[in-house]
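Hi,

Here is the structure I promised to pass on.

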Amino acid sequence: MTWLVALPVVIPLVAAGLALALAKHSRVQGVISVVALTAVLIVAVALIFVTHTVGPQVVNVGGWAAPVGIAVVTDRLSALMLVVSAVVLLGVLLYSLAQGLADGPKGAPVAIYHPTYLVLAAGVAMAFTSGDLFNLYVGFEILLAASFVLLTLGGTGERIRAGAIYVVVSLLSSLLFLISIALLYGATGTLNLAQLADRIDALDPGLQTVLQIMLLMGFAIKAAIFPLSAWLPDSYPTAPAPVTAVFAGLLTKVGVYAIIRTQTLLFTDGTLDTVLMVAALLTMLVGIAGAVAQEDIKRLLSFTLVSHIGFMIFGISLASDVGLSAAIFYVAHHITVQTALFLVSGLIERRGGTTSLVRLGSLAKVAPALGVVFFVSAMNLAGIPPMSGFLGKAGLLQAGLEDGTPLALVGVAVGLATSLLTLYAVVKAWNKAFWQEAPAPLPEASVPRGMFGPTAVLAAVGVVIALVAGPLYSYTDAAARDLRLQDPYISSVLVDDGRGEGQSADAQGGDS
Amino acid sequence: MLQLIAVHLLAALAAPALVSRFGRRMFLPLALVPGSAAIWALTRLGDVLAGEVPVQSVSWVDSLDMHLTFRLDVLAWLMVLLVGGIGALVMIYCAWYFATGAKFLGRFAGIFIGFAGAMLGLVTTDNTLALYTFWELTTVFSYLLIGHYFTRKGARRAGMQAIIVTTFGGLAMFAGFLILGAMPGGSFSLSELVREPPAGTAATVAIVCILVGALTKSALVPFHFWLPGAMAAPTPVSAYLHAAAMVKAGVYLVARLAPGFAEMDTWRWIILITGSATMLIGGYRSLKQHDLKLLLAFGTVSQLGFLILLVGQPNQAVALAGLALIGAHAMFKAALFLTVGVIDASAGTRDLRQLSGLGRNLRGAAIPGFLATFSMVGLPPFAGYVGKEAVLEALTHDGGAYESALLAVVVVGSVLTFAYGMRFLWGAFARKPGVADAQLDREPPGLFVPGFVLAILGLGAGLLPGLGEGLFERYAATYPAGEPGHLTLWGGIGPALALTVVIVAVGLGLFAARGLVERAQDAVILGPDADRGYRTLMRRLDRAAVAVTSATQRGSLPGYLGIILVVTVVSAAIALGSSGVQIGQVRLFDSPAQLLVAGIIVIGAILTAQARRRLKAVVLLGVTGYGVVVLFALHGAPDLALTQALVETIALVVFILVLRRLPAYFSNRPLKSSRWWRAALGALVGVLAMALALIVPAARVADPISVLFPTEAYEYGYGKNIVNVTLVDIRAWDTMGEIAVLLVAATGVASLVFARTRTRTGRVERMRDRRSGDAQVWPSELEDPASRLRPAQGTATAPRRARSWLTGPGALAPNRRSVIFEVATRLLFHTMLVFALFLLFSGHNAPGGGFVAGLIVGIALTVRYLAGGRYELGEAAPILPGALLGTGLFLSAGAGAVPLFFGGVVLQSVKIDVDLGILGEMHLVTSLFFDIGVFLVVVGLMLDVLRTLGAEIDRQGEATGTASPDIAHDSPRSSPDDSRPLVDAGGEH
C-alpha cells in the first residue's frame, strides 16, 4: 500500500495545475478542488489504517534509495496529521465555496484562490510526510508561499500591512531553517531524517545543542512560541475568515509537528527540554493574557491560538510517552477547534457586520444556531469536559504530574490557570457578542446554510473526538511510543544496510 | 444509569424543538425525564436497603483512566432521588410559571434537562475524572440558566461570576483528582480512595484542592458571593440548581470522601473554619435582606455551610444527621423558593417591605411556606427538626474541644436560622402596619402543587424518622469514628432538647428585635466584602493582561525581527560557549581570485545596507549576487553559475520594473540610536553564521551522501549531468514542490497587481486591439530630440507591416523607440528560443535543463517587452501565463503520478530508446516530461512577471495619467543628494 503515501501531495498539485489552467471556469475549479481534497481525505484515512496495522509506509521517490533519494514516510503521527488536515481543508473549502455562492459573482473567490489553496494543501501534506530535512523545508516553502498569497487576497491596505509582517518574519524563519540544514549537512553529510538520527549521536554534544537550537528557532517561529510569537496576532486576523481559519488551524501545527519529529528523532538527549518547557509556560501565560485584553473576536482567538500552542510544547518537553501522546492528541483537537472558531467568527462578522466585541450584540436572539456552534467550540477550547479539549488537557496534566519535577508541576498549575483564563476570555466574548443588546441595530444579513454546515461539522468534531477518545488515545499512545522508540521509523526507511528500498542502490552494487 | 443519562441527553436535545412547537405545556411530559430517575431510584430501594450496590461500568478513555463507572449506594440513591424528584416537580412548576409567550423557553427546557442529566451522572459515578466531567457540565449549564434573562446586565455579570468562581474550584478539584490518581497508592476510583486513603504531603495537597472545588460549588466562605448573585436566574432555576441540586454537589463530594479523609487534620480544620464561617455569615447576612429570594439565598449559603460541617465530620452520628438534613434541606428550600416564585408572580414583587396580607389572601403559598419554614428552623415534627435534634444529640454526647466549638457554631447558626426563618414568614405573609395589602393576580393551581408536595414530603419524612435511619445508617457506618446515631422525633429530655428550646427562644428574640439587628448590621461592616474582592481581582487581572500584551505586542516589524535574532544569537552563543567545539583547520582560499571576489561581495553587501536609494540598493545587491556567480564558477560548478547568473539578471529586471512605482528613496531613516543596535545585531548574526560555518565542517562525522551521486546518477538516472539528474530525478520531489512555489508566487503577485482593476480575467493585449485614440505607451515629459526628423503624426501612409522589425513599438511614445534595439531583438529572439530548447533537451547530460531553459525564454520575452512595450509582449506571447503555469505543474506532478498506474514508484523515470531510422537512435528518459513541466512553469512565471509588473503597471499608469517616473537617471525634481531623500509622496501601492 506504499503507493498511497505520495498521493496526498501529488493529487492537490495535479489539481492545482488543472485548476489554474482552467482559471476562467470558476465552477469547474470548485469541483476540481472538492474532488481533490475529498480524495486526499480518503487516502489519508486509508493511510491511518495501514500504518496502524502494518507499520510506517515509505516510498523512495523515483526509486532512488534513501538517503540519496527522498524518502516519503507516513507513520502514525503523519497519518493522523494528514487526516485532520484533510478534514479541516475540505471543511474550509466548502465554507468558502458557499461564501462565493452566497455573495454572487462579485464575492466569488478570485481565480487563483483554488490553485493556491490546493498548493497549500500539498505543502502541508509534504511537510507531514517528509522523511528528508530539505524536503521538509520545501514543504514549508510551499505552504508559506501559498499562505503569502492567501493572506493578501484582495490586496486591501490592512492586509498588505499585515502581510508584510507575516512574509518578512516567515522568510527569516525559513532562512534560519535553511542555515540549520546547511549546518546539519555539513556536520553529518546527510539530510535523510532516519540517517541523521544515527549520525547526530556521534557528534559532539555541545555541537548537537547548537544545531538543535538553530533548527528549533525556525520551527518555533512557525509554531508561534513565545518570545517568537508576536507576529501571529498581528497578521492572521486581517485575512478573510476561511483563510485565517485554515492558517490558525494548520500552519502553526506544521511547526509543532516539525518540533515533535525532530525532538523525537534527531535530538533525544533532552538538553533543551527545560528551556522548551519554560518557553511553553510563558507561551501559555503571555498568550492568554493577550486574549483577555482583546476587544475583537478574531484577535482574541489569535491569542488563544498562541497560548494553546504552549500546551502542546509542554507535552513535547516532558519527553515521555504519555506527554507526547497527549501533545499529539491536543494537536488534533486544536486544529479542529481553532478552525471551527475562526469560521464561526467569519459568520459572526457576516451576521453582525463586525468582529468588534464592543459593537456586537444580540446574536443569541437573532442567530441561535450560530450561538450553539460558537458556544460548543468555545467551551471546547476552554477545555470544558467532556469535549476533546478537556481530554487533551487531562492527558497533558497527567503526564506533567507523572513527570513530577518542580517545573513540570508548575507547568500543571500554569496549564490549569490558562484553562481558567481561556474560559474567562471566551465567556466574556460570549456575554458581549451573543448576550448583550447590540449597541446599534444589526445589519440585515443571514447566515447561508452552505457556510454554516461545514462550520457546524467542524465544531461537532470536537464532540465526536470525545466519543472515540478511547481508540484515539490508544492510537496516539502507540504513535508516541513509536516516535520515542525511533526504531519503527528508522528501520522502515533504511531497510537495507543503511539504504532505503529502491533500485538506485542496486545500480551501484552492479557497478562496483 | 448510563441509559438514564442518555435519556436525559436525548430529551435535552429534543426539548427545544418540542417546547417551541407545543409551548410551555411540554414541560409536563418532559418532567417525566428527571422523574424517571427518581422512579428508578425508588424501584431500587429494596436493593439499597439490603446493601446491594448496583454497578455499571463502560470504558471511555483507558489511557487516561477515565471510565464511566456508576454505582448506586445509599448516598448516591439519596442524591438521585432528590435530583430526579425535585427536578420533576420544578419542571411541572415551570409549565405554569413562565408566561405563555415567554421567549427562549425551548432552550431553557433543553438546558434544564441537560443539567438534570449531568447532576445524575455526578452523584452516581465512581470515577473521579468522570465526576469532574459532570461537575463542569453542571457549572456550564448553570451559567446558561443564570443568564436566561441575558438582556439584563446583572444576569450576565452574575453568570460570568458563577462560572468563573466555580470553574476555578472545579479546576482545583480536577488537579486534586489527578494528584490522587497519579500518586503511588492512589486511584481514580472514589470507592478505592475511600477504602484505602493515600497519605502524605501529595495527598494532603490533593485533598485541599478537592475541598476548594467542593467549597466553591457549595458557595462556602470565601467563595459564597456567587450564589446570591445567581438569584438573577428564573425562580425555578434558583429552586433547583441553587437550592436543591447543584450546590449540593459540594456537600455530596465532602460526604463522599469523608469516610476516608475526615480524620485528616487539614481536612478537619478546613471544614470547621469554612463551614462555621459560612453558616454564621450566611445567617447573619440573610437577617438584613429585603428581597425574599436573596434572604433565602443567604439562608442557603448558611445551610450549605451547616451541611458540610456535618457530613465532613468523621463521627457516624453526626454524619447520619447530616445525611438526613441533606434530604430535608432539599425539600424545604426548594419548596420555599417555589413559594417565593408564586408570590413574585402573583404580587409582582419580592420585596418584603411591600408585601402585606398574603398569609390571608394567598393561602396556596402561605401553607407550604409555613410548613417548609418550620422544617427549616427545626420545629417538630418536621424533617429539619429530626436532623437537627440528631446533630445536637450527637454533639452533646462526646465533648472534646473541637466538638464543643462545633456545637457552639451549630447552636448560634440555628439561632440565626430561626430568626431569618421567622423574618421570611413575617416578610412574606404578615400584614404590615402602614402597608396596603398587595394586589394579587390569580395564578393557576398547577403553580401551587409542587411547593405543596415538597412541603408535605418534608412533614412526612419527619414523621417517619425510622425510615431515614434505616436507610442512612448504612452509609453513616462507613464513617471512621464515633457511635452510630439515631433519627427520632422524641429523644427524651436532655441537653439536646434544652438547646432546642434555647435556640427557639433566642431566635424569637432576634426576630422581635429585627429593626435593631438591621440597624446594627448597617453600622458594623463585618470583614472584607468578598464580592468586591472578586471584582477588584478581575479588574486587576484585566489590567495586568493589557500591560503584558502591550509590552510584548508592539506591532513593530523591526522589533519582532530583532527579538527573533536576539534570541537566536544569545541562545546559540550560550550553547557554543558551553560546548567544547573548536574551529577546525581553515583553508583561506583555493585561488587568490576567490579572495578578490569575496572582498567585492562584502563591500557590495555593506553598501547595500547603507544605500538610501532603492535603485542603488538593487544594483549593489546585484553585485553581491554576481559575485556569488563567480565564486560558483571558480569552484567548478558551471551549472550553478549559469543558473545563478540568470536568476540574478531576472531579479534585477523585476526589481527595476517594480521600482518604477516606488519612491526613489527608502522612507524615513530610523533613529540614529536604533540604527546602531540594528547594525550591531546584524553584525552579530553574521559572526554567528560564520562561526558555525567554520566549526561545523570540522566536526563532520561521516562521509556525505554526495559521494554516491555520480555513479547512481549515471547508472540509474541515465544522465551525466548530476545537477540536472538531481533536479529532475533524484530530488524531483523537491523540484515538484518548488515549481508549485513558483506558480503560487507568480499568480499571487499578479492577483495583487490586478486586484485594483479587476480586469484579471481579461485577454492578452495585442496590437489589433489597440484603438487610435489610446494613449501612448511610456509617455515622456522630455522633448523628443528626434521629433523634427519624423513625419508629422496623421500624415503617415497606410501601415506597411512588412517593413517594420517589430509591430509593438508602434504604440510607444516616439522618443522611447530605438531602431537598433528593435533590430537586435528581432534577430536575437528566435535564436534564444532555439538555444533554450537545446538546453532543455540536452540538459540531462550537459549543463542546462528545464529551469535554465525557462529562464532564457523569460529573458527573451523581457527583451521583447523592453524593446516594444506591452503590446509587443502580447504579440510575442499571446497566451495567458496562468495557462502555462497550470499546464506545467499539471504535467510535472501528473508525470510523477503516471508510474503509479504501472506499479512503479511515484516520479520513477524510465529510459526509452527510440529508433528514428536514418536520424539514428534517440535516448529518451521519461524525466524529460517532468523537466518540460518545469520549463513551462518558469516561462509562465516570467511571462506573469512581465505582464503584471511590466505591462499592467504601464497600463494603470497610463490610465491614471501618472506615467512611470524615469528611474534610470535623476528626475529634475529629485534631489541628487542621498542624505536628503524626497518625502514619500507617492501612494503605498
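This is a predicted model: local features need pLDDT of at least 70, side-chain atom pairs count only at pLDDT 80 or more; totals for chains, interfaces and linings use all residues.

Residues are numbered from 1 along each chain as its sequence is written, chains are lettered from A and ligands numbered from 1 in the order in which they are written, and side-chain values use heavy atoms, with hydrogens and water left out.

**Where the chains meet**

On the chain A side, 129 residues are in contact with 115 residues of chain B (contact means heavy atoms within 4.5 Å). The area buried between chain A and chain B comes to about 10300 Å², and carbon and sulfur atoms give 76% of that. Buried area here is the accessible area (1.4 Å probe) that two parts lose on being put together, summed over both.

For polar links, the count between chain A and chain B is 21 residue pairs in polar contact, both residues at pLDDT 80 or more. That term stands for a pair of N or O atoms within 3.5 Å; within protein, one must be able to donate a hydrogen and the other to accept it, and residues adjacent in sequence count only if both atoms are side-chain atoms. Helix α6 (residues 157-188) of chain A supplies the largest share of the side of chain A that touches chain B, with 14 residues. That side of chain A divides into 83 nonpolar, 30 polar and 16 charged residues.

Asp132(A) forms a salt bridge with Arg731(B), with the closest N and O atoms 2.7 Å apart.

**Two helices**

Helices (H or I, at least four residues) are DSSP runs, numbered from the N terminus. The expected span of a helix is 1.5 Å times one less than its number of residues. Helix α5 (residues 74-97) of chain B has 24 residues and should span 34 Å; its end C-alpha atoms are 33 Å apart, which agrees. Of those 24 residues, 20 are buried (under 20% relative accessible area; exposed is over 50%, partly exposed in between, with a 1.4 Å probe and protein chains only).

Helix α1 (residues 7-21) of chain A reaches 21 Å from its first C-alpha to its last, close to the 21 Å expected. Here 12 of 15 residues are buried, including Leu7(A), Val14(A) and Leu20(A).

**Single residues to look up**

The peptide bond from Phe226(A) to Pro227(A) is cis, with omega near 5°, and Pro227(A) is in the loop between α8 (205-223) and α9 (231-235) of chain A. The bond from Val221(B) to Pro222(B) is cis, with omega near 5°.

Gln486(A) has a positive phi, near 70°, though not a glycine, and is buried at 16% relative accessible area. Phe104(B) has a positive phi of about 60° and is partly exposed at 26%.

Finally, Phe311(A) is in helix α12 (residues 297-317) of chain A and counts as buried at 1% relative accessibility.

Cheers

Methods
A salt bridge is a side-chain nitrogen of Lys or Arg within 4 Å of a carboxyl oxygen of Asp or Glu. Ala, Val, Leu, Ile, Met, Phe, Trp, Tyr, Cys and Pro count as nonpolar, Asp, Glu, Lys and Arg as charged, and the others, Gly among them, as polar.
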